[in-house]
Amino acid sequence: MAGSVGAAKVTSRPSPKRYSGMDPPLSLARPTVFDLQKTAELEKFLVDMGLYEGEEQSAKREEVLREINRIVKGWVKRLTSQKGFSEHIVEKANAVLFTFGSYRLGVHGPGADIDILCVGPSYVKREDDFFVTLHDILAQMEEVTELQPVPDAHVPVMKFKFHGMAIDLLYASVSLSVIPPDFNISEGSVLSGLDEATVRSLNGCRVADRILQLVPNVENFRTTLRCLKYWAERRGVYSNVTGFLGGVNWAILVARICQLYPNAVPSMLVSRFFRVFTQWQWPNPVMLCAIENDDLGFSVWDPRKNHRDRSHVMPIITPGYPCMNSSYNVSTNTLRVIMDQFKLGNKICQEIDLNKASWAVLFEPLNFFEAYTKYLVVDIVADDDDDLRLWKGWVESRLRQLILKIERDTKGMLQCHPYPCEYANPSVQCVHCSFYMGLSRKEGTKVHGQKFDIRATVDEFMHEIGMYPLWKSGMDLAVTHVHKKQIPHYVFEQGYKKPCLPLHANQQEQSDRNDTEDGTPTASLDGQLKRKCDFDGAGQVESGKSLKRSSVSSGCEENPPDSGNIVSQSVCENPVKPVSSVLCNGGQNSPLHGDVNLESANCSNSPHGSEVSAASGTSCAAMETVDMIDEIAGPASSVPCVMNGAVQAMAVHTPIKCVAEKEEPKFEGIDRLVSSNCAESLEEAETLTGNFLSENMHPSGK
């Protein structure tokens with residue numbers, strides 16, 4: 001267990017105190033007056049930003065929980081009676097609610113949702129009872145709005161709003177006929193006889209409780225986690241579904257820093273967070289305790305036995321059985337973005353430690369729409385808000401697959417940076433939203449006239465999107481390429497003034513060259529990149545329209561740059577229509593991204609072409625190759641590289657023995673991996689640079 005391992009390792013330290021975690025602390029330094037002052041400034045900043053919930057809303061949350069608790073208990077008793085159980089069993093029939101996520105960890109803010117797990121008896125099933133009878137009960141209640149069951153999710157969930165408060169409700173049927181009021185969800189025996197979906201549902205609560213048990217100071221942990229979650233949101237790296245990090249990932253990372261610096265206050269912990277994880281050698285896992293094995297037969301994270309675990313690029317392992325990688329969605333592209341943000345955060349914290357910068361600098365938003373030259377835009381349209389919520393959830397959950405496919409088909413040379421925010425044009429009346437991805441060529445390479453043909457890649461993505469089983473008429477999708485100067489004003493943060501663009505194409509060319517020379521990640525796409533997906537209910541093909549985007553800047557006039565080398569042309573000859581008239585059923589004059597036209601496209605049959613499919617439709621395509629201009633490449637990155645078609649083995653610099661054999665990493669000495677968890681390599685690395693993480697030689701902590 002974590003405590004015994006930690007105690008055994010701590011014996012060499014001067015302090016006899018037993019510490020939780022994989023390793024002894026890197027520093028026992030206590031805060032100085034300066035650290036306490038910076039912590040007070042940080043806490044004031046978080047309060048000023050409105051990150052704490054008021055008493056009135058907290059009371060409302062508690063009332064909502066009581067109401068939902070009453071509803072599910074009544075639901076279970078009613079089902080028990082309907083299933084023919086005796087009056088004695090009906091009287092004892094019970095369900096127990098547990099919270100998890102940000103609410104359980106104590107870091108929720110105003111407007112945050114409540115993650116709830118309902119644990120019920122063995123005879124109340126998830127598929128037939130939870131998603132049917134309870135769903136019907138909720139659907140008839142006036143207090144419930146935006147009810148959305150997601151039974152096929154990795155963790156099946158029912159989403160809704162109760163009195164305007166967002167709820168994510170999970171259900172787990174355990175191997176008990178009667179659920180006692182004092183049911184202990186942390187016991188290992190709870191998992192006996194359950195399927196993996198139920199175990200995943202239970203895992204959120206079990207992990208949250210375990211994290212709180214493993215941190216040395218809960219209040220310091222909460223303040224630091226609240227701070228870093230806000231930072232991640234501002235810097236665009238808070239989103240599990242997009243391939244970045246979600247709430248549990250950030251909680252585990254912050255908890256690990258709290259273990260390494262048990263006496264530190266939040267200002268110190270934030271600074272050490274960036275210092276440690278800037279140097280972290282992925283794919284070394286982050287773990288709060290030793291990986292626990294049990295005889296229940298559930299799979300645990302183990303790259304020695306599980307081939308799929310070897311491909312994880314940023315493993316962050318959940319504490320408690322069964323240990324899982326909570327960050328399996330992270331790809332090489334999103335890891336690159338996360339590490340870049342860690343490095344920037346580390347530099348700013350160094351300035352803060354020297355009293356040369358304020359906390360506000362750390363939380364400045366990411367200027368995503370100034371960072372790249374070219375972007376992919378995914379436009380999503382539906383007939384009403386309910387349809388858009390369903391359709392958007394389906395598309396958004398698969399955007400990560402589009403990124404992985406582009407990474408795969410371009411051998412890692414064309415990089416995508418997804419931005420986990422959705423946008424909508426306020427001047428367009430149709431129900432829609434858009435997602436953006438920055439495009440750039442992999443740093444460390446310089447290829448003249450580099451071209452990327454991702455037509456087949458987007459075709460494959462469109463085919464998979466078309467498999468949506470709940471598709472309805474009016475659900476449309478377009479994937480388009482735009483230039484930085486064509487980004488509409490409404491995507492920028494309020495108060496941000498979009499810079500005036502050059503008047504002539506040659507000036508724009510010079511600007512692009514400057515972007516490249518100053519190190520800004522850029523990517524030039526000569527020619528247009530287009531995809532359109534239109535479905536009709538009868539399986540008929542509607543015209544896909546290729547998108548042309550002109551300037552949306554009202555303050556400047558400009559000539560669009562030349563289209564460059566056109567590799568393929570559209571093969572249909574239908575009249576050009578505005579994007580709004582196609583994606584929004586012709587109801588508006590304003591396009592989603594300014595004056596955008598949709599040309600006709602070559603269309604292929606959708607997987608829903610069968611008459612027996614309720615989600616019949618088509619997938620239409622008109623795509624040209626992505627042509628990258630010559631760029632000054634940056635330093636080599638740590639992601640796997642592809643040269644001349646041969647995949648080079650990824651260099652894994654870890655404190656464990658990790659060697660590449662037969663073109664795949666082989667993890668040896670898992671016990672060593674579990675016990676070291678990168679702490680030794682961090683101390684070693686900072687010793688070499690003269691910057692000791694342990695800080696035991698500097699009691700002041702500076």
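# Questions on a predicted fold

Colleague: Is Asn355 buried or exposed?

Modeller: Asn355 has a relative accessible area of 53%, and a residue counts as exposed when that area is over 50%. Please keep in mind throughout that this is a predicted model. Because the area is 53%, the word for Asn355 is exposed.

Colleague: Which strand holds Glu146, the residue with a phi near 55°?

Modeller: Glu146 is also a residue other than glycine with a positive phi. At 35% relative accessibility, Glu146 counts as partly exposed. The strand in which it is placed, covering residues 144-150, is β3.

Colleague: Which residue is joined to Tyr321 by a cis peptide bond?

Modeller: Most peptide bonds are trans. In the loop between α10 and α11 there is Pro283, and a cis peptide bond with omega of about 15° joins Trp282 to Pro283. The loop between α10 and α11 also holds Pro322, and with omega of about -10° the residue joined to Tyr321 by a cis bond is Pro322.

Colleague: How many helices and strands does the protein chain have, and what percentage of its residues count as buried?

Modeller: The secondary structure of the chain comes to 19 helices and 21 strands. Among contacts with a separation of 6 or more, 73% are between residues 24 or more positions apart. Of the 702 residues in the chain, the share that counts as buried is 54%.

Colleague: How many residues apart in sequence are the parts that Asp23 and Arg256 tie together?

Modeller: Asp23 and Arg256 form a salt bridge whose closest N and O atoms are 2.6 Å apart. Asp23 lies in the loop between α1 (2-10) and α2 (33-48), whereas Arg256 lies in helix α9 (residues 247-260), so the parts they tie together are separated in sequence by 233 residues.

Colleague: Are Asp23 and Arg256 buried or exposed?

Modeller: The cut-off to apply is that a residue is buried when its relative accessible area is under 20%. Asp23 has 4% relative accessibility and therefore counts as buried. Arg256 has a relative accessible area of 0%, so this residue is likewise buried.

Colleague: Which residue forms a salt bridge with Arg408 at 2.8 Å, N to O?

Modeller: Arg408 is partly exposed at 44% relative accessibility, and it belongs to a network of salt bridges that links Lys405, Arg408, Asp409, Glu460 and Glu464. The residue that meets the side chain of Arg408 at 2.8 Å is Glu460. The pair links distant parts of the chain, 52 residues apart, with Arg408 in helix α14 (residues 385-409) and, in helix α15 (residues 455-465), Glu460.

Colleague: How many disulfides does a search of the whole structure find, and how far from Cys349 is the nearest cysteine sulfur?

Modeller: A disulfide is a covalent bond between the sulfur atoms of two cysteines. The search of the whole structure finds zero disulfides. Cys349 is accordingly in no disulfide, and the nearest cysteine sulfur, that of Cys227, is at a distance of 7.9 Å.

Colleague: Which word describes α2 relative to α8, oblique or parallel?

Modeller: The axes of α2 and helix α8 (residues 218-234) come within 11 Å and cross at roughly 55°. That angle makes the placing of α2 relative to α8 oblique. The residues that meet are Leu42, Glu43, Phe45 and Leu46 in α2 with Thr223, Cys227 and Tyr230 in α8, and the crossing itself is left-handed, so the word asked for is oblique.

Colleague: At what angle do α9 and α10 pack?

Modeller: Helix α10 covers residues 266-279, and its axis lies 10 Å from that of α9, at an angle of about 100°. That makes α9 roughly perpendicular to α10. The contact is made by residues including Trp250 and Leu253 of α9 and Leu269 and Phe273 of α10, at an angle of about 100°.

Notes: Residues are numbered from 1 along each chain as its sequence is written. This is a predicted model: local features need pLDDT of at least 70, side-chain atom pairs count only at pLDDT 80 or more; totals for chains, interfaces and linings use all residues. Side-chain values use heavy atoms; hydrogens and water are left out. A salt bridge is a side-chain nitrogen of Lys or Arg within 4 Å of a carboxyl oxygen of Asp or Glu. Helices (H or I, at least four residues) and strands (E, at least two) are DSSP runs, numbered from the N terminus. Buried means under 20% relative accessible area, exposed over 50%, partly exposed in between (1.4 Å probe, protein chains only). A disulfide is a pair of cysteine sulfur atoms within 2.5 Å. Axes are lines fitted to C-alpha atoms, for helices over the stretch in contact, and angles run from 0 to 180 degrees between N-to-C directions. Angles under 35 degrees count as roughly parallel, over 145 as roughly antiparallel, 65 to 115 as roughly perpendicular and the rest as oblique. A crossing is left-handed if the near helix is turned anticlockwise from the far one by less than a right angle, and right-handed if clockwise. Contact means heavy atoms within 4.5 Å.
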